[in-house]
Amino acid sequence: MVQGAHGPAKIILPRHPRLKDGWRAAAAAYRKAYGEHTDPHRGPANEAYNAAEAALKAAVPGISDEEASREAVSAVHYASVMHPKWLYALHKPRPSRDG
């Protein structure tokens with residue numbers, strides 16, 4: 001188990017082999033959108049999760065919206081724990097106002 005901000009977090013893997021490619025697509029889309037964040041009024045996570053969910057739905061035809069949302073969150077969680085340097089490599093934080 002991994003210690004997260006809210007206590008231990010169990011890392012899960014795709015429950016079905018057909019989801020493996022969907023997880024990869026979701027993580028890659030999240031990474032790209034997180035790195036290309038454009039909305040100055042919101043954090044990059046919202047755009048990135050929307051991109052991840054859309055990519056998962058494209059990679060796994062017939063998946064429901066609810067399941068795609070759940071699987072995209074799981075895919076990004078897995079990538080953030082197992083491959084954080086890769087996942088956030090494209091993100092360039094804005095300089096802080098404090099100096």
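A residue is termed buried under 20% relative accessible area, exposed over 50%, and partly exposed in between (1.4 Å probe, protein chains only). By this criterion, 26% of the 99 residues of the chain are buried.

This is a predicted model, in which local features need pLDDT of at least 70, side-chain atom pairs count only at pLDDT 80 or more, and totals for chains, interfaces and linings use all residues. Residues are numbered from 1 along each chain as its sequence is written, and side-chain values use heavy atoms, with hydrogens and water left out.

Begin with the entire chain, coloured by secondary structure. Four helices and two strands are present, in the order β-β-α-α-α-α along the sequence; these are DSSP runs numbered from the N terminus (helices H or I, at least four residues; strands E, at least two).

Next, colour by pLDDT, the predictor's confidence in each residue, from 0 to 100. The chain has a mean of 82, with 78% of its residues at 70 or more. Select strand S1 (residues 2-4), where confidence is lowest at a mean of 48, and then helix H2 (residues 44-59), where it is highest at 93.

Now select helix H3 (residues 65-82), which has 18 residues and reaches 26 Å from its first C-alpha to its last. Which residues of H3 are buried? They are Ala-68, Glu-71, Ala-72, Ser-74, Ala-75, Val-76 and Ala-79.

Finally, display helix H1 (19-35), H2 and helix H4 (84-87), against which the buried residues of H3 pack.

How values were computed
The expected span of a helix is 1.5 Å times one less than its number of residues. Contact means heavy atoms within 4.5 Å.
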